[in-house]
Amino acid sequence: MRVLLIEDDALLGAAVRDHVLAEGHAVDWVMRLAEAEDCRAVATYNLLLLDLMLPDGRGLDLLKRMRSSGDATPVIILTARDQLSDRITGLNAGADDYLVKPFELAELSARIGSVTRRANGQPATVIPLGDVLIHLAERSATRDGRPLPITAREWAVLEALLSRPAGIVSKSDIEERLYALDAEVESNTIEVYIARLRKKIGHDRILTERGLGYRLVREG
């Protein structure tokens, strides 16, 4: 998943960035609304983590512009403003969730998982893939009740495939979910992760659609 973090607090921003990166996601971190707009102009994001009070304006104004233009990208507001009226205002403006600072990073992970599952139309938290069960809320997998080790990056690739349960996910789409704007990506990186996932969940579960990308097979 590719995340745009808009937060001007250096300590909090670094902590959130590092935490989300450790979970296998790509993160672009900016401190100003203008920089956020620049990023959105050149990249597609699966989630925005949005502070409300920024040096060059209000995060709420960015959120309102997004929603008025039809942009449905999930947004979680991160703010020190804890009044009920502030939360209602943010949610009414189109936010998908709201976290009041200070917050635990584990809670942020849980909110990110919940919001992205809703956005991807996956209300179920457990998805069967043959004899493998994918536990979305815990970001884990089991086979016959035994833990199946999946790394953070492998999990991010699996989430990309799960986001299109009956469709094809291109290599470039997976790369966008894994790497920030300034990252260099080796040509065979995605193939390596796909090969590792196939060994763990079954070679017949991930099909290569030549020239198009990859498709996850959930039935059978």
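**Salt bridges in a predicted model**

Let's start with R40, which is partly exposed at a relative accessible area of 24%. Partly exposed sits between two limits: buried is under 20% relative accessible area and exposed is over 50%, using a 1.4 Å probe and protein chains only.

A word on the source. This is a predicted model, where local features need pLDDT of at least 70, side-chain atom pairs count only at pLDDT 80 or more, and totals for chains, interfaces and linings use all residues. Residues are numbered from 1 along each chain as its sequence is written, and side-chain values use heavy atoms, with hydrogens and water left out.

Side chains of opposite charge can pair when their charged atoms come close. A salt bridge here is a side-chain nitrogen of Lys or Arg within 4 Å of a carboxyl oxygen of Asp or Glu. By that rule, the count is 17.

Which residue does R40 meet in a salt bridge? D71, at 2.8 Å from N to O. The two lie 31 residues apart: R40 is in helix α2 (residues 33-42), and D71 is in the loop between α3 (59-68) and β6 (75-79). Helices (H or I, at least four residues) and strands (E, at least two) are DSSP runs, numbered from the N terminus. R40 and D71 also belong to a network of salt bridges with E37 and R65.

Next pair. R111 and D97 form a salt bridge at 2.9 Å, N to O. R111 sits in helix α5 (residues 105-119), and D97 in strand β7 (residues 97-100), 14 residues apart. R111 is partly exposed at 23% relative accessibility, while D97 is buried at 16%.
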